[in-house]
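I opened my notebook to look up how the pieces of this fold sit against one another. Here is what I wrote down, one entry at a time.

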Amino acid sequence: MPSEPTHLPPGPVRVTPEPVALPEPWRGSRLTVVVPTYDEAENLPRLVARLVALDLPELRIVVVDDNSPDGTGEIADKLAAELGGAETGRLTVVHRTKKDGLGRAYVEGMTRALDDGADYVVQMDADLSHPVGYVPQLLGTLHSTDAGVVIGSRYVPGGSLSEAWGLRRRLLSGWANAYVKTVLAIPVRDVTAGFKLWRASALRALDLPSIESTGYAFQVEMHYRAFRRGQKIVEVPIHFEDRVMGESKLDGAVALEAALRPLRLRRAENVRHRR
């Protein structure tokens with residue numbers, strides 16, 4: 001087993017919360033974490049170190065980098081080499097030629113994970129807002145239920161947001177969830193959540209190549225498809241951390257798509273019902 005990546009700041013790797021230990025055969029699950037990146041050079045080494053420190057020997061990581069100007073792709077390649085390169089397959093890097101949206105990056109990374117034999121796929125941001133310690137809890141919940149997807153939720157009892165989030169961000173996030181749930185009638189508390197774990201069979205049922213959303217609306221479209229296809233959705237509480245380094249990728253075009261996509265999904269569903 002390769003040692004922990006050395007492309008890291010010195011000091012212990014901190015995991016919050018403490019990850020739970022899973023019994024066999026759950027511990028040996030073929031689990032792949034898909035991480036899209038764009039200018040995450042400071043955060044990616046810390047995230048990778050925390051993931052490989054988990055007691056999940058079959059865990060794999062797929063980094064999908066959109067040609068980051070800050071060299072994130074090159075750093076990902078170095079981390080992959082430190083973890084044994086192609087010989088172990090512990091970390092795979094997908095290099096894209098341009099910034100093409102979070103949704104397209106996830107589709108490419110998830111497709112790669114499924115093609116490589118993953119039984120379970122985690123969606124996770126590179127900015128450390130999703131604490132790695134919850135990954136075994138998501139996996140344990142999925143194994144103990146018949147859910148197609150388990151969501152790390154900020155808005156179920158026990159969930160919380162970083163204190164660094166100001167009132168404006170809290171109100172915007174709460175409004176976005178209420179808006180989407182009203183338009184699409186999805187029985188999910190945190191319908192815009194980006195931290196979740198899927199069964200491979202559930203992902204295949206969603207027809208990933210036909211996903212239309214490119215930005216953060218991708219999260220909503222995935223939840224909506226899962227709901228409309230009758231998949232069981234389970235939410236578990238998490239504490240959502242605030243980004244420490246780097247900048248948010250949310251801009252005006254992404255926000256506009258996030259606002260319009262639920263209306264388009266609802267319209268498309270109404271058209272199908274009238275046929």
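Before I start: two strands pair if DSSP finds at least two bridges between them. I also note that this is a predicted model.

**Entry: a strand pair.** I looked up strand 2 (residues 60–65) and found that it pairs with strand 3 in the parallel sense, over five bridges. I checked Val64 too, and it stands opposite Val94 in strand 3.

Entry: In which order do the seven strands of the open sheet lie? I read the order as 3-2-1-4-7-5-8, with mixed pairing. At the edges I found strand 3 (91–95) and strand 8 (233–237), each pairing on one side only. Ignoring direction, I see neighbouring strands turned by 20 degrees against each other on average.

**Entry: a helix on the sheet.** Next I followed helix 4 (residues 102–115), which packs on the sheet. I noted that helix 4 touches strand 1 (31–37), strand 2, strand 3, strand 4 (120–123) and strand 7 (196–199). The direction of helix 4 makes about 155 degrees with that of strand 1.

**Entry: two helices.** Then I turned to helix 1 (residues 44–52) and helix 2 (residues 72–82), whose axes come within 10 Å and cross at roughly 30 degrees. Angles under 35 degrees count as roughly parallel, so I can call helix 1 roughly parallel to helix 2. I logged their crossing as right-handed.

Which residues make the contact? From helix 1 I listed Leu44, Pro45 and Val48, and from helix 2 Thr72, Ile75, Ala76 and Leu79. I sorted the residues of this contact into six nonpolar, one polar and no charged.

Technical notes
Residues numbered from 1 in each chain as written. Predicted model: local features only at pLDDT ≥ 70, side-chain atom pairs only at ≥ 80, totals over all residues. Heavy atoms only, no water. Axes fitted to C-alpha atoms, helices over the stretch in contact; angles between N-to-C directions. Helix = DSSP H or I, 4+ residues; strand = E, 2+ residues; numbered from the N terminus. Parallel < 35°, antiparallel > 145°, perpendicular 65-115°, else oblique. Left-handed = near helix turned anticlockwise from the far one by under 90°. Contact = heavy atoms within 4.5 Å. Nonpolar A, V, L, I, M, F, W, Y, C, P; charged D, E, K, R; others polar.
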